[in-house]
Amino acid sequence: MKNKFNNNKAARQQWRIIALFCIFYLTLSGCASPYKKIYRVGILCGIDSLASTIDGFKAKMSELGYKEGQNILYDIQKTNIDPDGEKHMIERFIGEKVDLIFAFPHDAAKTAKDNTQKSDMPVIFAYANIDDEDFVNSLLEPGGNITGVQHPLKQLMVKRFEYLIEIDPTIERIWVGYDNSQPSFPHALEALKLAAQAKQITLVEVLVDSPDTIKADFEQREKSADIGIDAILLTPSPVLQTQESWDIIKVFAEKHNLPVSANIYEQIKDGAVFHLGNDYIDVGKKAATLADKILQGTPPSEIPVLSPEDYLRINLVRAITLGLNVPDGLLKQAVEIIR
Amino acid sequence: MDKHARQSKDALTLYATLVWVFVGLSVLALLFSGTLQLLSNIQSQRLVISDYQYLVAQQTAQSVSNFIQEKFNSMDTAIWLTDLALKPAEEQKYVLESLLGLQPAFRQLILLDTRNKVLAQASRKSYEAPDRLLKMLPEEALLQIQKGNRFISQVYIDPDTYEPLIIMATPFWDVFHQYKGVILAETNLKFMWDLVENLRVGEKGYAYVIDRTGNLIAYKDAALVLKGKNKRYIKTIDDFTKAGSSAPPQEPSTYMGIADILVVGNYVPLGTPDWAVVIEIPWQEAYEKIMWNAARGIIIIIVVAVLAALLASLLSRRLAASLINLENTATRIAGGEMDLQVVVSGPKEVINLAEAFNSMTAQLREMLQNLETKVAERTQQLQNALNFQKEILSASTTGIAVYDDTGQCILANEALGRLVNATNEQLLAQNYHHIDSWKQSGLYQIALDARDSLVETKKEIFIKTTFGKEAWFNCRFTTFISDGHPHLLLTVEDISEHKRVEQEILNLNQKLQAQADHLSTANKELEAFSYSVSHDLRAPLRAINGYAHIIQEDYLAFLDEEGRHLFDVIRENAQRMSKLIDDLLAFSRLQRTEMLPETVEMTELANSVYQELTTPEERSHIDFRVDGLPPIKGDPILMRQVWHNLISNAIKFSAKVLRPVISIGSQTNDSEIIYFVRDNGAGFDMEYASKLFGVFQRLHSEKEFEGTGVGLAIV
């Protein structure tokens, strides 16, 4: 009996040794999990002309290690100035519980911000005019569930005005179309008025809510011998960014030899004299760095809002056609000159 | 289970011990060599990392320096190629705008003349007054510039974009080397971000730029730069801020890096501007190869340990087999099979051990037999002693009981059973915590006190026992320790008869005291009566005597012989009666006199009284002898009265003999001194000796010896 007991004891100790080795081996060998999270990002492009922003965004995300189809999926939606469509898409993103919403420009971003208040779904914006709006708490700590790449409207508008009168010093009256869709527009317009007043230039302000409004204004002007304006300064109003509006403006400007300060990049190649604005690819890349931080767990409220650089592009052909002598200093500052 | 048994159970078998020793030694050796190798590898890797980081940091520092230098160069080139000092304002503006176009990092350029007046301005932002920029320049900076030096300001943050900016200034001269002015360039450092961001430092390493105060200037995470928080809490940055400009290169350190991961980091100062480039490589990446080697080493250790275990198992089985056989036989002998002999084969040492074991078991058997015989003898002796003790207990007339620490009775003798009318079984079934009669009589509390105080306690107590007996018992509790536990010993004696006699004596004493009190009261009354009578009789007697005296003095002539004789008789009797009353008053006063005791020299006192009572003539024919009398404690006045009465009595009653002899002496017994006065006078019949000291008792007629019969009563 005792002998049996001893044998059992020896066997137990043998098993203990084996078990110890197994635990040791498992501890060393098994920590890596094959599971990797696949992120889902909803992208809402509110204006088709800004779509190249998405390319910049995806390219930078790829650089940061987010490979489309492997660990990240993009749901890209373009609504092209359709407030209802924007709202619908944002609701869809919320319903599908995407990890992140990237929405631009201002109106789409605002819709995303307003509709995600309850869900706390992170939102990144671009081309948002946050100067005088209750859009974020501050540039350093935006608060809430939102951060992004800003678009300082007031600064941009005044600088476009300065370039316009530098290109054509004979200008006395400038047509400025605007709408009231964004609370910051009146403030930007006020700054513009002050700058114009200093230069003794008259701003011809026209409230536009549709391409038809623009058309009606121009038709009215053509009824007079003097159309009442010497140049056109386009603001980032959604209506003014549509192709339909641009077609009306372009025809009118060509007909009356008016220099036009473009609103979007594409317009510089289509008859505008110059464009001062962001590089869409660059903006997309900046937004991607923010997205990376959010996906890695940083709350959007703690990520500072980024400011993109404005780049000057000049259509010298159009300027010469109009008989304008673009200063060499401006040409030196331009990142692109169409000759 | 005792300690030895537990140790035996927990002890490893020989087999397991050998396995563990083999495995342990193998692992220890491998760990030792592996650790040495690991430390060597770490040291080598540190050197590699140090060199690599320094190289990358220098390249980055060069790039950053180039970035700044390029800006200065642009401004210098514009100055010299365009002969800026001599150009009109329009052309100066053009030059500035060209510089803006050439260097995207320039946000604003201002041209100042020798008096710091703005000659030209170009800006990417909408028109802004140059005052802001000028206000940010310290006066000494302008002095420095006028002396021909370049200037770089501290980093400051743009309030609109929160981007880091600096002011760069470079002076310009005319052909005669006359100072003509300065170009100020507000430079946006975010254009340096790409430079730093695109830098590859290993797989996941990174670089960033800090200024001397510890502020972040360029880093791949722009958000962190924009927040503008000081980073001096990071070790390397803190080192830079504390180090001088010419500090030697540092060794790489391990710390929590700017990305909140453990990193190996180092920095290289730029010199001009006074910034530094910090290079951080994740610790995991830096020591990845070493970690892999360490993991490989651990796997090798495991494999070797397994092999060592298997080898040890085989060897130990062979070595341990004969010992296990020996152990099994020993186990069986321990189980009672004392006649077993060990038969083993194997190493010589084990065979010797087996023989020694067999010899030992033989001796054990013999010792066991002796031991059993001794145990039987001792058991009988113990039994006898136990029986003797039981008989003592049985024979004792004192009731004895023993209670254990729970209060249970564990021993009671027959005497106790007789005393309380109980059988021995009934007594042994008792627990004193539950005996009502103990609690009612107070015996329970006495038992508890004795148990708690460990002091012997006894008490005479009247009790009605549980078994119906009522009696007086003398109970004595004694506490003693047995087998580590306190026990209570109770001895009981029936003292009912003793109590009864004691009560009777008490009753008699009470009666006697009552009678004594009664007698004392009667005596006091009698004393009062005697005093009152004596005192009251004196007055009429004095009147009778006085009137009789007057009649004798004044009317003697009118009386015949018979009348005079009768008056003489009246006077004599009145005088006798007066003397009698005086003595009675003295006796009565003596009874009420308070005693004031002190030492009295009796010899002196007796001689003094004798001298006082006798004349020299009387003393000449009286033979008066006084032996040495011992002194006494008493009232000297009263003692003088005693001697006076006794000696005067002796003189009086020996007066009729020819040669009176009066001797005074004493006898000393155990507790008293007897003084005596002896004379050779008339004497008295001893039949009446008891009356000798009574009042008015006379043993002789008055005609023989005058007196009132009160003298000895006073004694």
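This tour moves through the two lettered chains, stop by stop.

The model is predicted: local features need pLDDT of at least 70, side-chain atom pairs count only at pLDDT 80 or more, and totals for chains, interfaces and linings use all residues. Residues are numbered from 1 along each chain as its sequence is written, chains are lettered from A and ligands numbered from 1 in the order written, and side-chain values use heavy atoms, without hydrogens and water.

**Domains of chain A**

Select 39-151 + 280-302 for domain 1 of chain A, then 153-277 + 311-338 for domain 2. These bounds come from an automatic or database domain assignment. The contact takes 12 residues from domain 1 of chain A and 16 from domain 2 of chain A; contact means heavy atoms within 4.5 Å. The C-alpha centres of the two domains lie 29 Å apart. Together they bury about 1300 Å², 55% of it on carbon and sulfur atoms. Buried area is the accessible area (1.4 Å probe) that two parts lose on being put together, summed over both. Zero salt bridges are found across this interface; a salt bridge needs a side-chain nitrogen of Lys or Arg within 4 Å of a carboxyl oxygen of Asp or Glu.

**A:Thr235**

Go to the loop between β8 (231-234) and α8 (243-255) of chain A and pick A:Thr235. Helices (H or I, at least four residues) and strands (E, at least two) are DSSP runs, numbered from the N terminus. A:Thr235 counts as buried because its relative accessibility is 2%. Buried means under 20% relative accessible area, exposed over 50%, and partly exposed in between (1.4 Å probe, protein chains only). Beyond neighbours within four places in sequence, its contacts include A:Met157, A:Tyr178 and A:Phe185.

**Salt bridges**

The whole structure holds 38 salt bridges over all chains. Show A:Glu166 and B:Lys93, whose side chains meet at 3.4 Å, N to O. This pair crosses between chains, from helix α5 (residues 153-167) of chain A to helix α3 (residues 89-102) of chain B. A:Glu166 is partly exposed at 23%, and so is B:Lys93 at 28%.

Next, pick A:Lys250 and A:Asp270, a salt bridge at 3.2 Å, N to O. The pair links distant parts of the chain, 20 residues apart.

Now move to B:Glu561 and B:Arg564, with closest N and O atoms 2.9 Å apart. Both lie in helix α17 (residues 561-592) of chain B, three residues apart, about one turn of the helix. B:Glu561 is exposed at 57%, whereas B:Arg564 is partly exposed at 26%.
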